[in-house]
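Colleague: I am new to this entry and would like to learn how its features are read, one at a time. Could you take me through it slowly?

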Amino acid sequence: MIKFLDVGYLINCRHKIKQEDNLVVTSCVLKVIRHKIKKGLHLFLEKFEIIRDFVKKYYSIWNGKRRWRNPKKIAEEMAQRLEHKGYADVAFLFTVIARYYIRDLEEHTEKTLLQSSSKVTPINYIVYLRNYFKKQRNYLVFPDKVVDSIRKELQQNNIEIAEIDDRELWLDLDSGTDREDRYQLLCIEKYMRNHGIPEARFLTTDHRLPDTAQPFENIKVEVVDCQA
Amino acid sequence: MAGEAAVAVGLGALAEEGYSTQRVNELVQLYRRLQELRRRILQEVEEKAGEDVAEIVSNIATAIQRYAPEIEKVLAELRRLGADPMKASLESAVEEYAEVLRLDIQVGGGKTLEDLLYESQDEVLDKLHEIMMALYMEYVEINETCDRGCPPEAAQKLEKLATLELATYVIYKLFQRQKIDKKTAVAALNEIVDEILSG
């Protein structure tokens, strides 16, 4: 049976995504990622001083080189910290940076911050990121760079990206906390209808999604915990 | 020519003056001469500086113009000895900022710059850190494009960065001497970091 992936699964379960599983990612999922990255970036730059203070407090328990880490590890730790502090959108940005190879950002980090060592002090990394996003207004194109990088990786792994004409889908939705989930479900429903698919699975990491998906009877939601 | 003079005295100014890094180069005497000229420029600008970044930048440019003939003499000597002053200044600035950004420089009381950044809530220090990281990022990037001589746009950008580096140091000194308050210093430094990263 065809299995669609949601945003959470795509980001958190990257290591589980294999070609033989008959997996499909809709373009709507990528659109949601772009939207969330844009929001996360905006908040990161707006609340930078507060976020830097989190970094200071969290890492001040270590001294000197014991504080130094690989940037991916710092991004992972920051994502957890920010989630815990209620900055879910910024946490999402850091999770994506931790899990995926974002072209340009990674290359730039290698050339500058990681020139002499594979580990960096977190305060340098957070300031580096802020400067990278602000540099020549990189924040405007970064969401597209993220989506391009994820797209490329999916293509390399031969995962189908289903392009959905979503013009009316997003606009028809009223606001609400599950708006992005309903949008993804509507996209899947449209794809299934257009391709005559009677039933499909929807893989997610979100425990609330089965409730949102109840009206979509032919989409079976499977909640997977990839963090464990 | 004033552009080259600005680069010669400006690049690495914050690292050298603020954190006492030193150019590792056999032409050290000539660089000391440039450092002396830089200090005279900084002193002159500092004496008549207000709070406005644009005004400070303009005063720096004027002072560099005035000192350009003296700076040019040093640059001519460097060229005679086979050095490319702009490339040397750039490479040196990259090394110096890489050194400062290791953050292991002792800042007194047995503490390193890294300790201070994590422990303190010093907004001025935070802004200086942002500026040094921004300068380092820019210099690394320009250094790549200047591998076989700097194209005009890179040279122009270096001139701008050199002036902003000197302006940062002037603002910092004004704050240290309590000629401007913390809020004004942070606002001015914020303006500088945005300008550095603007392109």
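Predicted model: local features only at pLDDT ≥ 70, side-chain atom pairs only at ≥ 80, totals over all residues.

Colleague: Where in chain A is confidence lowest, and where is it highest?

Modeller: Within chain A, helix α9 (residues 167-172) has the lowest confidence, at a mean of 72, whereas α7(A) has the highest, at 98.

Colleague: How should I read a sheet, and in what order do the strands of the open sheet in chain A stand?

Modeller: As a general idea, the strands of a sheet pair through backbone hydrogen bonds, either parallel or antiparallel. Here the open sheet has 5 strands in the order β3-β2-β1-β4-β5 (chain A), and the pairing is parallel. At the edges stand β3 (160-162) and β5 (219-223) of chain A, each with a single partner strand, so one side of each is left without a neighbour in the sheet. Neighbouring strands of this sheet are turned against each other by 35 degrees on average, direction ignored.

Colleague: Over how many bridges do β1 and β4 of chain A pair, and what lies across the sheet strands?

Modeller: Strand β1 (residues 3-5) and strand β4 (residues 200-204) of chain A pair in the parallel sense over 3 bridges, and Lys3(A) stands opposite Arg201(A) in β4(A). Helix α10 (residues 179-195) of chain A lies across β1, β2 (23-26), β3, β4 and β5 of chain A, and runs at about 115 degrees to β2(A).

Colleague: How are two packed helices described, and at what angle do α3 and α7 of chain A pack?

Modeller: In general, two packed helices are described by the angle between their axes and the distance between the axes. Helix α3 (residues 48-59) and helix α7 (residues 122-134) of chain A pack at an angle of about 165 degrees, with their axes 9 Å apart. Angles over 145 degrees count as roughly antiparallel, and α3(A) and α7(A) are therefore roughly antiparallel to each other. The contact includes Phe48(A), Ile51(A) and Tyr59(A) from α3(A), and Ile123(A), Ile126(A) and Arg130(A) from α7(A). By class, the residues of this contact of α3(A) with α7(A) are 7 nonpolar, no polar and 3 charged.

Colleague: And at what angle do α3 and α8 of chain B cross?

Modeller: The axes of helix α3 (residues 28-47) and helix α8 (residues 152-176) of chain B come within 10 Å and cross at roughly 55 degrees, and α3(B) and α8(B) are therefore oblique to each other. Their crossing is right-handed. Among the residues making the contact are Leu42(B), Val45(B) and Glu46(B) of α3(B), with Leu166(B) and Tyr169(B) of α8(B). The contact of α3(B) with α8(B) divides into 6 nonpolar, no polar and 2 charged residues.

Colleague: Finally, how many residues of chain A are in contact with chain B?

Modeller: The size of an interface is often given as the accessible area lost when the parts come together, but here we can read it through contacts. In this model, 18 residues of chain A are in contact with 17 residues of chain B. On the side of chain A that touches chain B, α3 and α7 of chain A each supply at least two residues, and α7(A) gives the most, with 6 residues. By class, that side of chain A has 4 nonpolar, 9 polar and 5 charged residues.

Key: Residues numbered from 1 in each chain as written. Chains lettered and ligands numbered in written order. Axes fitted to C-alpha atoms, helices over the stretch in contact; angles between N-to-C directions. Helix = DSSP H or I, 4+ residues; strand = E, 2+ residues; numbered from the N terminus. Parallel < 35°, antiparallel > 145°, perpendicular 65-115°, else oblique. Contact = placed C-beta atoms within 7 Å. Nonpolar A, V, L, I, M, F, W, Y, C, P; charged D, E, K, R; others polar. pLDDT = per-residue confidence, 0-100. Pairing = 2+ DSSP bridges. Left-handed = near helix turned anticlockwise from the far one by under 90°.
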